[in-house]
Amino acid sequence: MKHWTDRSVEDFQFRVAADFVAQLEAKMEQLDMSQADLAKAMEVTEGRISQIINSPGNLTLSVMVKCVRVLGMKMSLVAYEDEDRENAHGPVDAEIFRHCWERLGCPRDFWALEEESLACAASAMTPQREERVKVTIQSWDVAAHAEGDASSEINLGAVELLGGRPLTASNLESDIELASEAAH
């Protein structure tokens with residue numbers, strides 16, 4: 001069965017716009033801002049604000065940007081694929097995207113996202129897992145690595161190495177050399 005937003009473009013648009021308005025209302029409540037206050041700050045009538053909040057289906061991108069700027073917020077439009085081609089579940093709530101973004105440390109670009117991903121993986125490192133990584137690195141066959149036969153035991157995922165440095169090829173080589181020297 002399809003989600004109600006699949007009936008028409010207008011239904012889908014209304015659902016997305018209503019989600020946006022819910023975010024505005026939450027921020028207005030946080031700021032203790034009334035619709036009249038928002039109207040004054042946006043230099044529009046209270047009637048227009050009422051229309052935006054109570055009938056959001058016709059919001060334009062321009063009005064949305066004005067709203068978030070007045071409230072000290074930013075916005076981004078996100079198109080995504082979720083393997084729900086039949087639209088059985090409708091669009092993902094914007095709060096899901098916001099919570100995920102916040103959990104990743106509010107990255108501003110792909111570089112910050114990568115740094116946060118590495119930091120998240122490092123913070124998930126338990127003492128047992130850290131010891132397993134150290135042992136794996138220490139037992140790695142350095143000669144096989146030099147010949148290009150990398151060990152399948154080493155997971156080149158986002159982990160921290162011996163000195164708390166991020167996993168990079170040069171840091172990995174350095175720690176392997178240190179571990180090899182320590183073993184001899």
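Contact here means that heavy atoms lie within 4.5 Å, and in this predicted model L38, A41 and M42 of α2 are in such contact with V63, K66, C67 and V70 of α4. Helix α2 also packs against helix α3, and the briefing below takes these two pairings in turn before moving on to the largest pocket, which holds about 1800 Å³ of space.

**Helix α2 with helix α4**

- The axes of α2 and α4 come within 10 Å and cross at roughly 110°, and because angles of 65 to 115 degrees count as roughly perpendicular, that is how α2 and α4 are described.
- In α2 the residues that meet α4 are L38, A41 and M42, while α4 brings V63, K66, C67 and V70 to the contact.

**Helix α2 with helix α3**

- Helix α2, covering residues 35-42, packs with helix α3, covering residues 46-54, at an angle of about 110°, and their axes are 8 Å apart.
- This pair is therefore roughly perpendicular as well, and the crossing of α2 and α3 is right-handed.
- On the α2 side the contact is made by Q35, A36, L38, A39 and M42, and on the α3 side by E46, I49, S50 and I53.
- These contact residues divide into 6 nonpolar, 2 polar and 1 charged.

**The largest pocket**

- A total of 48 residues line the largest pocket, and those lying nearest its centre are S76, L77, V78, A94 and F97.
- At least two lining residues come from each of α1 (9-30), α4 (61-70), α5 (94-103) and α6 (110-123), with α1 giving the largest share, 12 residues.

Terms used
Residues numbered from 1 in each chain as written. Predicted model: local features only at pLDDT ≥ 70, side-chain atom pairs only at ≥ 80, totals over all residues. Heavy atoms only, no water. Axes fitted to C-alpha atoms, helices over the stretch in contact; angles between N-to-C directions. Helix = DSSP H or I, 4+ residues; strand = E, 2+ residues; numbered from the N terminus. Parallel < 35°, antiparallel > 145°, perpendicular 65-115°, else oblique. Left-handed = near helix turned anticlockwise from the far one by under 90°. Nonpolar A, V, L, I, M, F, W, Y, C, P; charged D, E, K, R; others polar. 1 Å grid on protein atoms, 1.4 Å probe; cavity = no way out; pocket = protein on both sides within 12 Å on 5 of 7 lines; lining within 4 Å. Points joined across faces, edges and corners; volume = space filled by probe spheres on them.
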